[in-house]
Amino acid sequence: MTAVSSSVFVHERGLCESDEVGAGTRVWAFAHVLPGARVGKDCNICDGAFVETGAVLGDRVTVKNGTLVFGGVTCEDEVFLGPNVLFTNDFRPRAHIRKGPDQLIGTVVRHNATLGAGTVVVCGIEIGAFAFAGAGAVVTKDVEPHAFVVGNPATRKGWVCECAARLDEDLHCAECGLDFRAAGAGKGLTRA
């Protein structure tokens, strides 16, 4: 097992085998971070979470209980992965066919996105910055920045602010006062 920096907290029943874990990160009981996973600073990897070789977590990422982050998944800074979020990395898995890392299909979750409890993310997509997938969503295609998606398959039901509040029809946030505008076809929103 690789030695973990003293600035990383690993619960006595957690297992962190990666030597690429940033300062201030916490790995809780029954969580497992495999060798070759890259984890940024100040992340919180909760009980029973699994981070596989080849997965990349940016800084200040929250990985809640029971979440599975497989190789090929990249979560940028300040992504929130709710309990039991599940990523896939292979469209056609078979137990008798062994695939190397170069044969797996990547997924990118852009900064500050939120995936609610029980979200399933099918590989090969990009979830935009500040996007929000509601609990139980099955995300099968790209999600635009600031989009709020729900359902199976997930579809956009509105837009969310940087503070995660729903935006009104004028793309205004009543909670924090920010205003947004369309960034162009398929590009979601940007601040006005």
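Is Glu 175 buried or exposed? Glu 175 is exposed, because its relative accessible area is 67%. The legends below take the whole chain, then its parts.

**View 1. The whole protein chain.** This is a predicted model, in which local features need pLDDT of at least 70, side-chain atom pairs count only at pLDDT 80 or more, and totals for chains, interfaces and linings use all residues. Residues are numbered from 1 along each chain as its sequence is written, and side-chain values use heavy atoms, leaving out hydrogens and water. The protein chain holds zero helices and 23 strands. Both are DSSP runs numbered from the N terminus: helices are H or I with at least four residues, strands are E with at least two. Along the principal axes, the C-alpha atoms fill a box of roughly 55 × 40 × 25 Å.

**View 2. Surface and burial.** The protein chain exposes about 9,500 Å², and carbon and sulfur atoms supply 51% of this area. Accessible areas come from the Shrake-Rupley method with a 1.4 Å probe; for residues, only the protein chains shown count as cover. Buried residues make up 41% of the 192 residues. Buried means under 20% relative accessible area, exposed over 50%, and partly exposed in between (1.4 Å probe, protein chains only).

**View 3. The largest pocket.** Its volume is about 160 Å³. The lining includes Glu 52, Phe 70, Asn 89, Lys 99 and Leu 104. By class, the lining has three nonpolar, six polar and two charged residues. Ala, Val, Leu, Ile, Met, Phe, Trp, Tyr, Cys and Pro count as nonpolar; Asp, Glu, Lys and Arg count as charged; the others, Gly among them, count as polar. A pocket is an open set of points on a 1 Å grid over the protein atoms alone, where a 1.4 Å probe fits, with protein on both sides within 12 Å along at least five of seven lines; lining residues have an atom within 4 Å of a point. Grid points are joined across faces, edges and corners, and the volume is the space filled by probe spheres set on the points.

**View 4. Glu 175 and Ala 165.** Glu 175 sits in the loop between β21 (155-159) and β22 (180-182). Ala 165 is in the loop between β21 and β22. Ala 165 counts as buried, because its relative accessibility is 12%. Not counting residues up to four places away in sequence, Glu 175 touches Cys 163 and Ala 165. Contact means heavy atoms within 4.5 Å. With neighbours within four places in sequence left aside, Ala 165 contacts Trp 159, Val 160, Cys 173 and Glu 175.

**View 5. Backbone details in two loops.** A cis peptide bond joins Asn 152 and Pro 153, with omega about -5 degrees. Pro 153 lies in the loop between β20 (147-150) and β21. Ala 164, in the loop between β21 and β22, has a positive phi of about 85 degrees although it is not a glycine. Ala 164 is partly exposed, at 37% relative accessible area. Leu 171 is buried, at 16%, and its phi is near 65 degrees.
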